[in-house]
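Here's a quick walk through one protein model, written for someone who likes to know the cut-offs. Have the viewer open as you read.

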Amino acid sequence: MSKHGNYLSKPTLVANRTAAPKPTLAFKDAIALIVGIVIGAGIFETPALVAANVGSAGAALLIWLLGGGMSLVGALCYAELATAYPHTGGNYYYLKRAFGNSVAFLFAWARMAVIQTGSIALLAFVFGDYASQLLRLGNYSASLYAALALVILTALNIIGVQQGKQTQNWLTVAKVLGLVLVVIVGLAFASPSVPEVPAEPTSQGTLGMAMIFVLLSYGGWNEAAYISAELRHLERNMVRSLLWSLGIITVIYLGINLAYIKGLGLAQMAASEAVAADLMRRAVGEPGAWFISFLVAVSTLGAINATIFTGARTNYALGKDFSLFSFLGRWHHRTKTPTYALLVQGAIALALILMGTLTRRGFETMVDYTAPIFWLFFLLTGVSLFVLRMREPEVPRPFRVPFYPLTPILFCFICGYLLYSSLAYTGVGSLVGVAVVAAGLPLLFLSRHRKS
């Protein structure tokens, strides 16, 4: 963008592309990053919600397998975009090239006001649920822990205290260790205390909700687009890393759900507030529940911290690109942090925790809040593949999505169905999320007016 304008000028855009980061990530690094991003805190929460929306154990396992297949379809589409347009902007860059500055602005606004902040609040509620297994703080224990974690971690980022690389790696190891432990214990030692009662037949609505929770747990593989400019042998390794990562993740998710089903049964899974802790409690008593709750809480803190860190940098970039949000683009010279971006992000996330508390369904409300917006921009990214193929046929495409146009059409259909489900079968949170993104429209017009 020009110094006084709202959008990137052509010389600046060219300079940015010329100054792109060098490829330093190997194939194994990409797998580690993708698997680490995708296997977050959600898998410790969503299996119970999926179980509440399906009719049988077989249906639950099938829907988790289906989620892996759906993610694979999307990954093939992203592989073409990432290899044809390697850029650290990822989705933002594809949407800007395909649809222009307005859609790119709304995407950046949605990330700041809904997607990223909603993810922070969502993770904070997972932390609250498992921290409450260790020490309960009354009727609003999960919300109190969530707010406390958000405030402390935001403050640490503001004053410049950041988790080191090794610390983050150990937190990831703790998370994977917890999953492996749950699988082993669940399959070897635990069993339901009461006979399973057949569930009600699954309706279209509950199937849609189950898929929202499943694909939330698979979410994050699309972040591979943001490392496309730094991946060695991009043409070969982007596709391979996505395929291998999704294969590994699908196997892990099937294993963990099989352990939950065998150890608790579908009905008790559905009623659980902390399903991993309940499974360990059933298998080895309170020490097992305490241990797994501690592991989940610690690993979730790492995820919250990382999301706060990256989200604030995204908001900082928004402030640099659009003069209307220029206050977000200020970097504190002493602490070397985007202070205002962190403060605004923390305030929005804290408001979302309050909203989740008022609805008494913190985690689910955050899923409702973020899902429609997430799937809307996912759908637009899928459509951008068609637009860019037609508009820029001369751009080299080292990888072309197989069975074009059927594969991207299927991806767009999946996104459209999940967008519909997230609006039709969710609560008030989804309406709030849509209203917040719609509030970006007058900001867009104001931004244009200030430019003129």
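## Ground rules

This is a predicted model, so local features need pLDDT of at least 70 and side-chain atom pairs count only at pLDDT 80 or more, while totals for chains, interfaces and linings use all residues. Residues are numbered from 1 along each chain as its sequence is written, and side-chain values use heavy atoms, with hydrogens and water left out.

## The whole chain

The secondary structure of the protein chain comes to 18 helices and zero strands. Both kinds of element are DSSP runs numbered from the N terminus: helices are H or I with at least four residues, strands are E with at least two. Of the 452 residues in the protein chain, 54% are buried. Here buried means under 20% relative accessible area, exposed means over 50%, and partly exposed is in between, using a 1.4 Å probe and protein chains only.

The accessible surface of the protein chain is about 19300 Å², and carbon and sulfur atoms own 69% of that. Those areas come from the Shrake-Rupley method with a 1.4 Å probe, and for residues only the protein chains shown count as cover. As for contacts (heavy atoms within 4.5 Å), take those in the protein chain with a separation of 6 or more: 81% of them are between residues 24 or more positions apart.

## Two partners for α14

Start with helix α7 (residues 141-158), which packs against α14 at an angle of about 180°, the axes being 10 Å apart. That makes α7 roughly antiparallel to α14. On the α7 side the contact uses Ser143, Ala146, Ala147, Leu150, Val151, Thr154, Asn157 and Ile158, and on the α14 side Thr339, Leu342, Leu343, Gly346, Ala349, Leu350, Ile353 and Thr357. Sorted by class, the contact of α7 with α14 has 10 nonpolar, six polar and no charged residues. For the bookkeeping, Ala, Val, Leu, Ile, Met, Phe, Trp, Tyr, Cys and Pro count as nonpolar, Asp, Glu, Lys and Arg as charged, and the others, Gly among them, as polar. Axes are lines fitted to C-alpha atoms, for helices over the stretch in contact, and angles run from 0 to 180 degrees between N-to-C directions.

Now for α15. The axes of helix α14 (residues 339-359) and helix α15 (residues 362-391) come within 8 Å and cross at roughly 120°. That makes α14 oblique to α15; angles under 35 degrees count as roughly parallel, over 145 as roughly antiparallel, 65 to 115 as roughly perpendicular and the rest as oblique. The contact is made by Leu352, Met355, Gly356 and Thr359 of α14 with Gly362, Thr365, Met366 and Tyr369 of α15. In the contact of α14 with α15 there are four nonpolar, four polar and no charged residues.

## Buried residues worth a click

Val126 sits in helix α6 (residues 101-134) and counts as buried, at 0% relative accessibility. Beyond its neighbours within four places in sequence, Val126 is in contact with Ala41, Glu45, Val296, Thr300 and Phe363. C-alpha to C-alpha, Val126 and Glu273 are 9.6 Å apart, though 147 residues apart in sequence.

Ser245 and Val35 make a handy pair to look up. Ser245 belongs to helix α10 (residues 234-264) and is buried at 0% relative accessibility. Setting aside neighbours within four places in sequence, Ser245 is in contact with Ala30, Ile31, Ile34 and Val35. Val35 itself lies in helix α2 (residues 27-38) and also counts as buried, at 16% relative accessibility.

Over in helix α15, Leu388 is buried, with a relative accessible area of 0%. Outside four places in sequence, Leu388 has contacts that include Leu81, Tyr85, Tyr94 and Arg97.

What kind of peptide bond joins Tyr404 and Pro405? A cis one, with omega at about 5°. Pro405 is in the loop between α15 and α16 (406-424).

Phe403 lies in the loop between α15 and α16 too. Phi of Phe403 is near 60°, a positive value in a residue other than glycine. Phe403 is exposed, its relative accessible area being 67%.
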